[in-house]
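The sequence and the model come first, and the description follows them.

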Amino acid sequence: MGTAAAEKSSPEGDIITIDHLKKSFGGHEVLKDISLKLAKGENLVIMGKSGTGKSVLIKCIVRLIEPDAGEIKILGKDVLKLNADELNDVRKKIGFLFQSAALYDSMTVRENLEFPLREVRKKNEEIEQMVEEALKNVGLLDVIDKMPSELSGGMRKRIGLARTLILRPEVILYDEPNTGLDPITTREISKLIVELKDKYQTSSIIITHDSECARITANRIMIINEGLCVAEGTYEELEKSEDEFVSSFFTKQD
Amino acid sequence: MKKDATVLEENGEEAKKQASKFSIAYLSERLDDFFGQVDTFTRFTLRFFKEAFMPPYEVNEFLKQCYLVGNKSLPLVGLTALIMGLVFTMQSRPTLTKFGAQSWLPAMVAIAMIREISPVITALICAGKVGSGIGAELASMRVTEQIDAMEVSGNRPFKYLVVTRVMAITLMVPLLAIFSDSISLLGSFIGVNLQGDTTAKLFLSHIFEKLDFIDVFPAIIKTFFFGFAIGIISCYKGYNSNSGTEGVGRAANTSVVQASLTIFIIDMLAVQVANFFT
């Protein structure tokens, strides 16, 4: 089911292709057989219950977790066959926003944003300009010299997003960008994801539980349950689904 | 009667549990676990040597860590050394006086401090202060996905976090030990003068008359190994921590315990090696 809708997109336009991905932890099969394709300029939202392997899936894509079987191609490169240096080169083209934003606690916001640029040969003025532009994009230029501990949850997520964007990645992987945020901030972050996608022409995979985030950001939604893709389609298609499990993600709770 | 039966049943269960602790399967599991850890630690250490000599070099972070390790440990190492020198002198005086060897007091204290006490105490202080700090810091970075964030942005966290810290501690522990040697002699000088009147010149001439190259050189060399052991153990524990906030505490604790034990083992081996050459 996972590949059926994805096969509609042209192979040339696919940024990420995953085939029959499997991953187990201590005998527990988290990903049983996942296949997906991410087309250029597309926002793919992956939804599912907690513990169904959504985060494991995107961590496998960047090889933070090594899959047991399957194939992952990013920008035409089989990432599971790359050596450390080649993998680093591919990783520089991918942005990853962690659930906790993962800001470096011992560094200021400025240093957090400068960190990914350490190996990029640029003049100090250029780096400063890139940092300021990234912060302007997320509307937080005024916190440039603050420490992460001085920021709110929403601000941390925005700074995390700015850090993710600073290397101008072609693909961005969002691991639950709205977790722990209030509905207003959730909507703001979701809108920001769409704005930045349009501005930088990125393709994204967004892991979320939040149907509002999915509605705002998704071009296509994939629902995972027990390590398998159980439904795929647009927000409107899945919202009307007669499948109780699928529709439960889109039902507003009282 | 029912109560007795329940107690007997519980005792039986407990006995079974105890017996299973000594079963072959249990022992083999423990051995597997032990050798698994030896394997990962060896790979971690080999990776350190590989990445330490390959560019790019993280000079700024290395200097920052040298400052943090060295400068911030200086007051504690200094105070401890002063007290150790003073107390050791005061404790040794009655025994030496009994044998009429009071004039040997400065030299004896100096040799004991430089050969053994200062290097070991300095290393233990660093294991406690710096080792636990690094263990907890890296474990916390692992738990909050900061290390993963460095990795996915292609920034070589091992080189940035581990190589710089291990190298900084390896360099700073010997320097701190030399500082500790000097301060402990100052403490000893104060101790000598608490119950007598000895000039600094006479005190120092007594020391340097008896102190040989073989007293100083092996003591300094072994502190490099102490520093390396503290660095690599605490970084290994922190970098490979993965059990949430509980793992952070465990990483800090095991860093100190294992580094301290390793310091004593290295010290024992160093004495054997030094004796071989004398």
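This is a predicted model: local features need pLDDT of at least 70, side-chain atom pairs count only at pLDDT 80 or more; totals for chains, interfaces and linings use all residues.

Residues are numbered from 1 along each chain as its sequence is written, chains are lettered from A and ligands numbered from 1 in the order in which they are written, and side-chain values use heavy atoms, with hydrogens and water left out.

Helices (H or I, at least four residues) and strands (E, at least two) are DSSP runs numbered from the N terminus. Axes are lines fitted to C-alpha atoms, for helices over the stretch in contact, and angles run from 0 to 180 degrees between N-to-C directions.

| Helix pair | Axis distance | Angle |
|---|---|---|
| H4(B) and H7(B) | 8 Å apart | about 60 degrees |
| H2(B) and H8(B) | within 11 Å | roughly 115 degrees |
| H3(B) and H6(B) | within 6 Å | roughly 25 degrees |

The angle between H3(B) and H6(B) is roughly 25 degrees. That makes H3(B) roughly parallel to H6(B), given that angles under 35 degrees count as roughly parallel, over 145 as roughly antiparallel, 65 to 115 as roughly perpendicular and the rest as oblique. H3(B) passes H6(B) in a right-handed crossing, a crossing being right-handed if the near helix is turned clockwise from the far one by less than a right angle, and left-handed if anticlockwise. The contact of H3(B) with H6(B) comprises 22 nonpolar, twelve polar and three charged residues; here Ala, Val, Leu, Ile, Met, Phe, Trp, Tyr, Cys and Pro count as nonpolar, Asp, Glu, Lys and Arg as charged, and the others, Gly among them, as polar.

H4(B), residues 105-143, and H7(B), residues 200-210, pack at about 60 degrees, which makes H4(B) oblique to H7(B). The crossing of H4(B) with H7(B) is right-handed. On the H4(B) side the contact (heavy atoms within 4.5 Å) is made by B:Pro106, B:Ala107, B:Ala110 and B:Ile111, and on the H7(B) side by B:Phe203, B:His206, B:Ile207 and B:Lys210.

H2(B), residues 24-52, also has a right-handed crossing with H8(B). Residues of this contact include B:Phe41 and B:Phe44 of H2(B) and B:Phe228 and B:Ile232 of H8(B), and by class there are ten nonpolar, three polar and one charged.

**The interface of chains A and B**

In all, 23 residues of chain A are in contact with 14 residues of chain B. The two chains bury about 1800 Å² between them, 47% of it on carbon and sulfur atoms, where buried area is the accessible area (1.4 Å probe) lost on being put together, summed over both parts. In chain A, the residues that lose the most area to chain B are A:Tyr104, A:Arg118 and A:Glu119, together 26% of what that side buries.

Three salt bridges are counted between the chains, each a side-chain nitrogen of Lys or Arg within 4 Å of a carboxyl oxygen of Asp or Glu. B:Glu145 forms a salt bridge with A:Lys59, with the closest N and O atoms 2.9 Å apart.

**Local backbone features**

The peptide bond from B:Pro55 to B:Pro56 is cis, with omega near 0 degrees, and B:Pro56 lies in the loop between H2 and H3 of chain B. A:Arg63, a residue other than glycine, has a positive phi near 60 degrees and is found in the loop between H2 and S4 of chain A.
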